[in-house]
Amino acid sequence: MIRKQVFVGSATAMFALAAATTRVTAEELNDYPTSARAEYVFGCMKANGETPRALEQCSCSIDIIATLLPYERYVSAETVLRMAQVPGVLGSQFRSTEQARTAVDELRRAQAEAEVRCF
């Protein structure tokens, strides 16, 4: 009987921990605003064909990226990519710093994973 009580107590503790972890994960998965997801899907569809299949693949892609990269880091990487296109000294600051390269590399890895899983 003692073993059953220990097992039940352990199982209850593990279930509570799993429930708490699931709640945090669900919140993290939804930290991308709908407008950011829609903007990504529109751009992705433009690049991959405006078909129902592309819609599914592009929606899947941003969902995968959102699970791998917190929204704040996604915004940072997107900002670096946009600012790196600016000519001159301002743009070179976004092309040449280690922090900028790290942000873009992280986004590229997430995009590559999404492409493998969704396309």
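Which pattern do the disulfides of the chain follow, when bonded cysteines are counted along the chain? The pattern is 1-2, 3-4, and a search of the whole structure, which is a predicted model, finds two disulfides. The points below take each of these links in turn and then move to the contact of helix H4 with helix H6.

**The link of cysteine 44 and cysteine 58**

- Cysteine 44 and cysteine 58 form a disulfide in which the sulfur atoms lie 2.1 Å apart, and with -75° about the S-S bond this link is left-handed.
- The pair links distant parts of the chain, since cysteine 44 belongs to helix H2, which covers residues 34-48, while cysteine 58 belongs to helix H3, which covers residues 52-68, and the two cysteines are 14 residues apart.

**The link of cysteine 60 and cysteine 118**

- A disulfide also joins cysteine 60 to cysteine 118, with a distance of 2.0 Å from S to S, and this link is left-handed, with -70° about the S-S bond.
- Here, too, distant parts of the chain are linked, for cysteine 60 lies in helix H3 and cysteine 118 in helix H6, which spans residues 98-118, and the two cysteines are 58 residues apart.
- Cysteine 60 has a relative accessibility of 26% and therefore counts as partly exposed, a class that lies between the cut-offs of 20% and 50%.
- Cysteine 118 has a relative accessibility of 11%, and because buried means under 20%, cysteine 118 counts as buried.

**The crossing of helix H4 and helix H6**

- The axes of helix H4, which covers residues 71-83, and helix H6 come within 8 Å and cross at roughly 115°.
- The crossing of H4 and H6 is left-handed.
- On the side of H4 the contact is made by Arg73, Tyr74, Ala77, Glu78, Val80 and Leu81, and on the side of H6 by Ala100, Ala103, Val104, Glu106, Leu107 and Arg108.
- Sorted by class, the residues in the contact of H4 with H6 are eight nonpolar and four charged, with no polar residues.

Key. Residues are numbered from 1 along each chain as its sequence is written. This is a predicted model: local features need pLDDT of at least 70, side-chain atom pairs count only at pLDDT 80 or more; totals for chains, interfaces and linings use all residues. Side-chain values use heavy atoms; hydrogens and water are left out. A disulfide is a pair of cysteine sulfur atoms within 2.5 Å. Helices (H or I, at least four residues) and strands (E, at least two) are DSSP runs, numbered from the N terminus. Buried means under 20% relative accessible area, exposed over 50%, partly exposed in between (1.4 Å probe, protein chains only). Axes are lines fitted to C-alpha atoms, for helices over the stretch in contact, and angles run from 0 to 180 degrees between N-to-C directions. A crossing is left-handed if the near helix is turned anticlockwise from the far one by less than a right angle, and right-handed if clockwise. Contact means heavy atoms within 4.5 Å. Ala, Val, Leu, Ile, Met, Phe, Trp, Tyr, Cys and Pro count as nonpolar, Asp, Glu, Lys and Arg as charged, and the others, Gly among them, as polar.
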